[in-house]
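Work through the following exercises with the sequence and the structure side by side, and try each task before reading its solution.

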Amino acid sequence: MSAMWRPRIKFEHRPVRYADGRVRIGGSAPGIARGLRDPDGSVWALLALLDGSRTVGQIADDLVRRFPDRTLREVREAVGDLDAAGYLEDAAETALSAFERERYSRSRAYFRASDRTPGRSRWDAQLQLKQARVVVVGVGGTGCAAALALTMSGVGQLHCVDADVVEVSNLNRQFLFTEQDLGRAKVDAALDRLRLHNSHVELTGSKERIEGPEQLRALAVACDVLLVTADQPSTGEIRSWANQACRATGTAWVHSGYDGPRVSVGLFRPGSTPCYDCARAAEAHRRSVLSPRTAWAPGEPMERVQAANAVSAGTAGFYAAHAVMSLITGVPDLAADREYGMSLTTMRDYDTLQLEQRWPDCPVCGHDDGG
Ligand SMILES: [Zn+2]
């Protein structure tokens, strides 16, 4: 057994204690059951700690604190004896089916390679994903890739929000749609495709257009991470709405998108300050003090379409999924309350909004007392 397993007494072997102080474990079957002497109550206390919520190290610390005559080594050996007798199982291991453990075996190795948190069970990160609920607002280029990665990674519940239908111009970058989906609601097509990828994920959707922070608040209150990949009415506006909504509900949130070859992702923990709108206000101020500019305006109206392909959209979406999983599992423990940028032209990161200090008159966090 790994040092990070979480021992739990098998239900069929649950112990009983008699009035005279004796303890029996392993049920009543001869050859399995065994009596334990427990003069000072420490054995019964140890058995109570074997409920699958603690590592062996945590159990030993807890017991030695209450029974100073015992040593950490004695407690570890006692757990080892119970395990050798077959009374224990790994709670982390049994929370996933054999099929899921096979399915996510590479993810487990990935988490193990990246995770340096002491005392974690081998499946902790995967279980955290399984228990998490994520909402994706906007199933476009970024949202498709993010939803696909989160579904394949085994997030427990995923709710997709989008009011649009699939158009021909989406097909160069929106991974969940095929030519057969043209004219279908994006949410319907996305959910059908995602279900084919992973039947263990509870997938839901709603065809709504986000028109203010109240809608995002209703979505945020029911999830662990809100992912905003929509760009309507503008990226700045919907992200500000998400900031307001998640500040009110205490929900972690992520935004991601692309501007030509520039890809960016931002992740924010609930209630932190400086917040997204602090950075936005600082940026608006920085622009306002630049020397006045005149934009080139040709006589004929120009065609204005978004510059995007499968690579820029996919990169933004996969970064977004990475950020969401970081907020859920802590693997890797990305610094939050900031944005990360990557240029596909130089293949290097570039400067994005830095949230170093609160903007004095921030419309969202400016009136908070906390710091
Ligand atoms: Zn703020």
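**Exercise 1.** Find which residues Val136 is in contact with, leaving aside its neighbours within four places in sequence.

*Solution.* Begin with the criterion, by which two residues are in contact if their C-beta atoms, placed from the backbone, lie within 7 Å. Applied to Val136, this gives Gly143, Ala146, Ala147, Leu158, Cys160, Val161, Leu227 and Thr229. The model is a predicted one, in which local features need pLDDT of at least 70 and side-chain atom pairs count only at pLDDT 80 or more, while totals for chains, interfaces and linings use all residues. Residues are numbered from 1 along each chain as its sequence is written.

**Exercise 2.** Determine which strands pair with strand β6 (residues 133-137).

*Solution.* Strands are DSSP runs of E with at least two residues, and helices are runs of H or I with at least four, numbered from the N terminus; two strands pair if DSSP finds at least two bridges between them. Strand β7 (residues 157-161) runs parallel to β6 and is joined to it by five bridges, with Arg133 opposite Gln157. Between these two strands the chain passes through helix α8 (residues 141-153). Strand β9 (residues 225-228) also pairs with β6 in the parallel sense, over four bridges, and here Val135 stands opposite Leu226.

**Exercise 3.** Decide how many of the five residues of β6 are buried.

*Solution.* A residue is buried if 20 or more other C-beta atoms lie within 10 Å of its own, exposed if 12 or fewer, and partly exposed in between, with C-beta atoms placed from the backbone. By this count, four of the five residues in β6 are buried.

How values were computed
Right-handed = clockwise from strand over helix to strand, strands pointing away.
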